Amino acid sequence: MKKFTLFKIMILLTAALWLTQNVQGQVNDTLVVKISSTLLIKVTDHNLPGLLENKQADSLILQFQKEFSSIKSHIKKQNSYHLYWLQDNYLKVDSLTSRQIFTFENHALIQTPARNVCELSPLVASSVHEKQVSTKILIYFTNLNELTNPIITSYVDQALQKIRKPSRYAKNWYYDINDQEESSARDEITSTKCMDKIELSAGMGAALIKNTGMVNLDFTLGISLGSRGRIKHKIFLTDEMNYIFTTNSSFTINNFLSLGYSHNFSENPDKPRWYGLEAGFLTNKKTNFFDTKTDTYRIGLIVNPIMRIHVKPFLYFENDFQKVYPGIGFTFDF
């Protein structure tokens, strides 16, 4: 029985190691819409098709155009413009300097003016800790009047309709407008950044089982899988040692071997939000604290409210799952 269990664990680890070689991390996708020789739009987001459903791109552009029209006459004339608009907040107008481009083949210097650009960013409430808004819109233009062109939103929507759902790689999607008709140019992979890694960690904490407090020490072998520039999945194998102390200052150790999975539900790489499941069984009994005649199993939730802190409420099963009782543990990773 023990050999068969070990064999199953080895299969799971082999499969997980294979996954870490084949899953790649991602960053945001970008849609490039060329409306004319002087007007080009770039829309960046982690889920471009979602912008068509929630109308966020339309909302940003239309709100900017309305507010910009009301103050356009107050903008001082400049040789070049760099506009930054933050939704519901402010519009900043800077002047760009000229750009130098060198060609090393004949040591030539090409002096070109910088291209005018207008950057639109949504405003996010500070109370939304786990939300990381990735939407950004850049409008490249020749004169300020082009920024209020009403066809911008319609052509962006038409292009968004042709974009497929996000894949495991970041992509640029290119669309040109020829004679007021949209034509797909191409899409290309822009990043194969890998976020996957194998982790070996140790942790220490405490648990309460059968109204008895104990100290835990665990060692974990895990695989973290990236998705779109963030760690999103964790598969791990944990050996947890429960130290049960007696009145004469001696202690006994009981080992649980567990397999678990956690998912990061946050889109903010700086503020992860992990929840998962863990299932295991008692592999080493040094005392009669657990049933000595039958196997002991446990299954529980994993909550990671603070970095490196894990809260684990468990249900323990004995006597062929006829007996069940709760327990809870807290672990701090080194």
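Lysine 197 and glutamate 199 pair up through their side chains in a salt bridge, 3.5 Å from N to O; the term stands for a side-chain nitrogen of Lys or Arg within 4 Å of a carboxyl oxygen of Asp or Glu. The model is predicted, with local features needing pLDDT of at least 70 and side-chain atom pairs pLDDT 80 or more, while totals for chains, interfaces and linings use all residues. Residues are numbered from 1 along each chain as its sequence is written, and side-chain values use heavy atoms, leaving out hydrogens and water.

Lysine 197 is partly exposed at 41% relative accessible area, and glutamate 199 is partly exposed too, at 28% (buried is under 20%, exposed over 50%, partly exposed in between, with a 1.4 Å probe and protein chains only). The salt-bridge count comes to 6. Another of these joins lysine 136 to glutamate 119, at 3.4 Å from N to O. Here lysine 136 is partly exposed, at 35%, whereas glutamate 119 is buried, at 15%. Then there is glutamate 240 with arginine 298, at 3.1 Å; both of these residues are buried. They also belong to a salt-bridge network with Glu278 and Lys312.

In soluble globular proteins, nonpolar side chains tend to be buried together.
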